[in-house]
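Please look through the sequence and the 3D structure below before reading on.

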Amino acid sequence: MPKINLDDIKFAIVAAEWNSDITDALLDGAIKRLTKAGVPDDAIKVFRVPGTVELTYAAALLMKAGGYGAIIVLGCVIRGETSHYDYVCQSVTEGITRLNAKAKIPVIFGVLTTENEQQALDRAGGRLGNKGAECAECAIKMWDFSTKNRTNISLFNNF
């Protein structure tokens with residue numbers, strides 16, 4: 001990743017408490033990646049919400065509050081025996097997509113949607129890496145993209 005000046009940027013991370021063994025690992029990966037990139041500890045603010053559906057609401061509040069260059073949402077939905085999985089996945093995906101379409105800052109989607117717990121563990125620091133760390137890198141790149149293209153942002157308002 002190219003060197004990006006991160007001196008004056010603050011990142012918000014919102015993590016769901018549900019499936020906390022997974023979301024804690026994602027959160028740890030995100031924080032480690034941000035600090036490795038040079039983001040000071042005090043420029044990373046962590047917020048907790050009960051579940052994955054609540055990530056959209058929290059991200060929207062943080063956007064309105066301002067002060068962040070990017071928001072990362074972290075959650076984990078594991079398929080169960082009912083259709084609840086489908087509703088949760090659809091809700092959070094559509095919610096974060098809507099926020100991104102209207103936002104002046106990026107909201108990074110770090111929600112694992114897996115068939116079973118092992119798939120989630122594999123993606124939360126297991127054999128497939130840590131998706132939280134990948135989301136942190138994405139947040140840095142998207143913040144850089146938005147700052148470099150800020151003069152062109154008005155063009156996006158026509159969509």
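The sulfur of Cys89 is 9.4 Å from the closest cysteine sulfur, that of Cys76, which is too far for a bond, since a disulfide is a pair of cysteine sulfur atoms within 2.5 Å. The structure accordingly holds 0 disulfides. Cys89 is buried, with a relative accessible area of 11%, and Cys76, at 1% relative accessibility, also counts as buried; here buried means under 20% relative accessible area, exposed means over 50%, and partly exposed lies in between, with a 1.4 Å probe and protein chains only.

This is a predicted model, in which local features need pLDDT of at least 70 and side-chain atom pairs count only at pLDDT 80 or more, whereas totals for chains, interfaces and linings use all residues. Residues are numbered from 1 along each chain as its sequence is written, and side-chain values use heavy atoms, with hydrogens and water left out.

Rings of Phe, Tyr and Trp (for Trp, the six-membered ring) pair if their centres lie within 6.5 Å, and planes under 30 degrees apart count as stacked, over 60 as edge-to-face and the rest as tilted. By this rule there is 1 aromatic pair. The rings of Phe47 and Tyr68 have centres 6.4 Å apart and planes at 85 degrees, so this pair is edge-to-face. Because Phe47 lies in strand 2 (residues 44–49) and Tyr68 in the loop between helix 2 (54–65) and strand 3, the pair ties together parts that are 21 residues apart in sequence; helices (H or I, at least four residues) and strands (E, at least two) are DSSP runs, numbered from the N terminus. Phe47 is partly exposed, with a relative accessible area of 24%, whereas Tyr68 is buried at 18%.

We now turn to the interior. In soluble globular proteins, nonpolar side chains tend to be buried together. A nonpolar core is a set of buried Ala, Val, Leu, Ile, Met, Phe, Trp, Tyr and Cys residues joined through side-chain atoms within 4.5 Å. The largest such core has 28 residues, and those with the most contacts inside it are Leu6, Phe11, Ile13, Leu34, Ile72 and Leu74. Strand 1, helix 1, strand 3, strand 4 and helix 5 each supply at least two residues of this core. A second, separate core of 20 residues includes Leu55, Val77, Val92 and Ile105. Ile13, leaving out residues up to four places away in sequence, touches several residues, among them Leu27, Ile31, Val46 and Phe47, where contact means heavy atoms within 4.5 Å.

Helix 5 can be followed from its start. Asn130 caps the N-terminal end of helix 5, with a side-chain oxygen 2.7 Å from the backbone nitrogen of Gly132. At 1.5 Å a residue, the 18 residues of helix 5 (residues 131–148) should span 26 Å, and the end C-alpha atoms are 25 Å apart, which agrees; the expected span is 1.5 Å times one less than the number of residues. The buried residues of helix 5 include Cys135, Ala139 and Trp143, and the buried residues of this helix pack against strand 1 (11–16), helix 1 (20–36), strand 3 (70–78), strand 4 (107–114) and strand 6 (129–130).

Arg33 belongs to helix 1 and is buried, with a relative accessible area of 16%. The side chains of Arg33 and Glu137 are joined by a polar contact of 3.3 Å, that is, a pair of N or O atoms within 3.5 Å, of which, within protein, one must be able to donate a hydrogen and the other to accept it, while residues adjacent in sequence count only if both atoms are side-chain atoms.
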